[in-house]
Amino acid sequence: PIWKNLSQRYAKAAKGKGTVYISKASRKGTIFTESELGALLQNPNVTSIEVHVLEEGKWVTKNWFRPKN
């Protein structure tokens, strides 16, 4: 629980573009998917999230952008 709380606090304080590196195996049920991603998406100071996912030994970039209000 301590890493989940710290990661969520960090994501809530983020500004600008967020850059994340995760392995394919860690997509579901991780601190990133369960805590950090939601905090980043709800943070009005985050303009976009660039996620690099390790797939078959190569980094694949997936961009998630905040919808404009």
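This is a predicted model: local features need pLDDT of at least 70, side-chain atom pairs count only at pLDDT 80 or more; totals for chains, interfaces and linings use all residues.
## Overall fold

Let's start with the big picture. The protein has 69 residues, and its secondary structure consists of two helices and three strands. Read from the N terminus, these elements follow the order α-β-α-β-β. Helix 1 covers 2–12, strand 1 covers 16–23, helix 2 covers 31–42, strand 2 covers 46–55 and strand 3 covers 58–65.

Of the residues in the protein, 29% count as buried. Among contacts with a sequence separation of 6 or more, 64% are between residues 24 or more positions apart.

## The nonpolar core

Which residues make up the largest nonpolar core? There are eleven of them: Ala11, Val20, Ile22, Phe32, Leu37, Ala39, Leu40, Val46, Ile49, Val51 and Val53. At least two residues of this core come from each of strand 1, helix 2 and strand 2. As background, nonpolar side chains in soluble globular proteins tend to be buried together.

## The largest pocket

If you like to look at pockets, the largest one here holds about 240 Å³ of space. Its lining consists of 13 residues, and those nearest the pocket centre are Tyr10, Ala14, Gly18, Thr19 and Leu40. Leu40 is also one of the residues of the largest nonpolar core.

Which element gives the most to this lining? That is strand 1, with four residues. Helix 1, strand 1 and helix 2 each supply at least two residues of the lining. By residue class, the lining of the largest pocket has seven nonpolar, three polar and three charged residues.

Is His52 buried or exposed? His52 has a relative accessible area of 9%, so it counts as buried. The side chain of His52 makes a polar contact of 3.0 Å with the side chain of Thr61. Leaving out residues up to four places away in sequence, His52 touches Thr19, Val20, Tyr21, Ile22, Trp59, Val60 and Thr61.

Glu50 is also in strand 2. With a relative accessible area of 18%, Glu50 falls under the 20% limit and is therefore classed as buried. Its side chain is joined to that of His52 by a polar contact of 2.8 Å. Once residues up to four places away in sequence are set aside, Glu50 touches Lys17, Gly18, Thr19, Val20, Thr61, Lys62 and Asn63. For Glu50 and Thr61, which are eleven residues apart in sequence, the C-alpha to C-alpha distance is 6.9 Å.

## Thr19: a link back to the pocket

Thr19, one of the residues nearest the centre of the largest pocket, lies in strand 1. Thr19 is partly exposed, at a relative accessible area of 42%. Beyond residues up to four places away in sequence, Thr19 touches Glu50 and His52. Thr19 and His52 are 33 residues apart in sequence, with 7.7 Å between them in space, C-alpha to C-alpha.

## Ser48 and Thr47

Two further residues of strand 2 are Ser48 and Thr47. Ser48 counts as buried because its relative accessibility is 9%, whereas Thr47, at 52%, counts as exposed.

Each of these residues can be paired with a partner from elsewhere along the chain. Ser48 and Trp64 are 16 residues apart in sequence, and their C-alpha atoms are 6.0 Å apart in space. Thr47 and Lys15 are 32 residues apart along the chain, with a C-alpha separation of 7.4 Å.

## Glu56 in the loop

Where is Glu56 placed? Glu56 is in the loop between strand 2 and strand 3. At 79% relative accessibility, Glu56 counts as exposed. For anyone checking backbone angles, Glu56 has a positive phi of about 55°, although it is not a glycine.

Key:
Residues are numbered from 1 along each chain as its sequence is written. Side-chain values use heavy atoms; hydrogens and water are left out. A nonpolar core is a set of buried Ala, Val, Leu, Ile, Met, Phe, Trp, Tyr and Cys residues joined through side-chain atoms within 4.5 Å. Buried means under 20% relative accessible area, exposed over 50%, partly exposed in between (1.4 Å probe, protein chains only). On a 1 Å grid over the protein atoms alone, a cavity is a set of points where a 1.4 Å probe fits but cannot get out, and a pocket is an open set with protein on both sides within 12 Å along at least five of seven lines; lining residues have an atom within 4 Å of a point. Grid points are joined across faces, edges and corners, and a volume is the space filled by probe spheres set on the points. Ala, Val, Leu, Ile, Met, Phe, Trp, Tyr, Cys and Pro count as nonpolar, Asp, Glu, Lys and Arg as charged, and the others, Gly among them, as polar. A polar contact is a pair of N or O atoms within 3.5 Å; within protein, one must be able to donate a hydrogen and the other to accept it, and residues adjacent in sequence count only if both atoms are side-chain atoms. Contact means heavy atoms within 4.5 Å.
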